[in-house]
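The entries below follow the order in which I looked them up.

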Amino acid sequence: NANASGAFTGEISYNMLKPFCQYVILGHSERRQIFGEKDAMIAEKARAAVDNEITPIICIGETLEENEAGKTVEILRFQLEESLKTLTADDEIVIAYEPIWAIGTGKAATAETAQNVLAFIREHMKNKFGQVYADKLRILYGGSVKPSNAYDIMSQKDVDGVLVGGACLKSDDFKAIADAAIQAI
């Protein structure tokens, strides 16, 4: 919740999170699709997170239909522009590309696709906030990350890490992904 206080039953304010959290995930597809969160709300929450010294992890991603129609770049550009409206080059964020078509489906982007999309995101951020910002920005891939694909994805130039969903619920899988991250460094 972007509000510091008030009658927002069921919501959590950043004042409540601040003592316990360094990061907060915003714009995840489930929040966008199930709860109807729009980019403008994500932008407000991102500003509130930064103001409360919590780093927002801003998720962006396209549906299968958008991907198959060749609209990935168009959709991601729009989501980036709208979700980052409240932020400046002085604000630390993390961006996670989570193709909606890959979340929980067992399908994952190839390492090459992940690299191409994350390179686009980095270039977009360079144009928005400058080269220094783009170089230090952490960009993650998320979407059916598992032990069998983690190393290939994380060894790509523009992939700074992964946002793990279901695989983190299986300790052996999560350990294998963490091991892959160490190998990819």
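The entries concern a predicted model.

**Entry 1: helix packing.** I looked up how helix 3 (residues 39–51) lies against helix 5 (residues 72–83), and found an angle of about 45° with the axes 8 Å apart. I therefore noted helix 3 and helix 5 as oblique to each other. On the helix 3 side I listed D39, I42, A43 and A46, which meet F78, Q79, E82 and S83 of helix 5. By class, I recorded four nonpolar, two polar and two charged residues in this contact of helix 3 with helix 5.

**Entry 2: R122.** I located R122 in helix 6 (residues 111–129). I then looked up its polar partners. The side chains of R122 and D158 are joined by a polar contact of 2.7 Å. A polar atom of the R122 side chain also lies 2.9 Å from the backbone oxygen of L137. Leaving aside neighbours within four places in sequence, I found R122 in contact with A134, D135, L137, I139, D158 and D160.

**Entry 3: positive phi.** I noted E53, with phi near 60°, in the loop between helix 3 and strand 2 (55–60). I also noted S144, with a positive phi of about 60°, in the loop between strand 4 (138–142) and helix 8 (147–154). Are these residues buried or exposed? E53 counts as exposed at 64% relative accessibility, whereas S144 counts as buried at 16%.

Key. Residues numbered from 1 in each chain as written. Predicted model: local features only at pLDDT ≥ 70, side-chain atom pairs only at ≥ 80, totals over all residues. Heavy atoms only, no water. Axes fitted to C-alpha atoms, helices over the stretch in contact; angles between N-to-C directions. Helix = DSSP H or I, 4+ residues; strand = E, 2+ residues; numbered from the N terminus. Parallel < 35°, antiparallel > 145°, perpendicular 65-115°, else oblique. Contact = heavy atoms within 4.5 Å. Nonpolar A, V, L, I, M, F, W, Y, C, P; charged D, E, K, R; others polar. Polar contact = N/O pair within 3.5 Å; in protein donor to acceptor, adjacent residues only side chain to side chain. Buried < 20%, exposed > 50% of the residue type's maximum accessible area, 1.4 Å probe, protein only.
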